[in-house]
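The sequence and the model are shown first.

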Amino acid sequence: MRKIQVQGVHHITIVGSTRQSAIDFWQGTLGMPFIFEQPNLGKADESHLYFDPGDGRLLTVFTNEERQDARRPAPREIGSMEHLAFTVSHATFTQVPARLKERGIEFIQRDRGFMDSIYLQDPNGMKVELACYKFETPEGHRAADVLMRAHQLRVERGDHHIGDEHLADAIEDLLAGRGRLE
């Protein structure tokens with residue numbers, strides 16, 4: 001059987017509460033421009049809001065003015081989404097804690113070895129991650145190329161997790177594959 005080859009994420013749709021709650025969080029807190037709204041063509045009592053997460057794709061939210069924000073952690077069980085992660089620059093990442101504190105939004109900050117992460121919840125309890133790689137991807141490569149090579153180096157060396165030295169060595173290896181004049 002032949003497989004279906006996907007080429008990336010097209011969009012992500014979230015079940016939200018009200019229109020204003022969605023706009024306040026996705027545009028107001030996370031800075032995703034609100035692009036447009038139309039009826040949810042599959043469910044007449046819902047609106048379908050479209051936001052730009054910054055990469056030219058879409059994040060959409062189904063809303064209904066009869067709903068209220070859940071304000072509780074979303075379920076974490078088999079078949080549920082654990083969290084949704086968005087890229088932020090290092091400069092923005094350093095500003096996130098203060099900006100969330102200004103809004104009274106609780107968060108957790110974590111060092112993930114090859115990236116830094118901040119976790120927060122949307123008004124309906126869905127966990128959202130703001131992530132920042134600890135490296136710059138070399139021209140002509142993808143972040144996945146760096147991470148695959150860093151992982152190989154980590155395993156070869158018997159290390160617990162990817163660290164700065166694995167990233168630096170992976171980038172050096174990728175760049176060594178380019179032709180250079182000596």
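I12 is partly exposed, because its relative accessible area is 26%, and the term covers values between buried, under 20%, and exposed, over 50% (1.4 Å probe, protein chains only). The model is predicted, so that local features need pLDDT of at least 70 and side-chain atom pairs count only at pLDDT 80 or more, while totals for chains, interfaces and linings use all residues. Residues are numbered from 1 along each chain as its sequence is written, and side-chain values use heavy atoms, with hydrogens and water left out.

I12 belongs to strand β1; strands (E, at least two residues) are DSSP runs numbered from the N terminus. Leaving aside residues up to four places away in sequence, I12 touches L58, L59, T60 and L84, where contact means heavy atoms within 4.5 Å. Between I12 and L175 there are 34 Å, C-alpha to C-alpha, at a sequence separation of 163 residues.

L84, one of the contacts of I12, lies with F86 on the covered face of β5, whereas A85 and T87 form the uncovered face. β5 runs parallel to β8, and four bridges join them; two strands pair if DSSP finds at least two bridges between them. Within this pairing, F86 stands opposite L130 of β8.

The two pockets are set out below. A pocket is an open set of points, on a 1 Å grid over the protein atoms alone, where a 1.4 Å probe fits, with protein on both sides within 12 Å along at least five of seven lines; lining residues have an atom within 4 Å of a point. A volume is the space filled by probe spheres set on the points, which are joined across faces, edges and corners.

| Pocket | Volume | Lining |
|---|---|---|
| Largest pocket | about 610 Å³ | 25 residues |
| Second largest pocket | about 440 Å³ | 18 residues |

D55, A85, F86, T87 and V88 lie nearest the centre of the largest pocket. Two or more lining residues each come from β1 (11–15), β4 (58–63), β5 (84–87) and β8 (127–133), and β5 supplies the largest share, four residues. By class, this lining of the largest pocket holds 14 nonpolar, seven polar and four charged residues, with Ala, Val, Leu, Ile, Met, Phe, Trp, Tyr, Cys and Pro counted as nonpolar, Asp, Glu, Lys and Arg as charged, and the others, Gly among them, as polar.

In the second largest pocket, I105, E106, L120, Q121 and D122 lie nearest the centre. β6 (108–111) and β7 (115–121) give two or more residues to its lining, and β7 gives the most, with three residues. The lining of the second largest pocket divides into seven nonpolar, three polar and eight charged residues.
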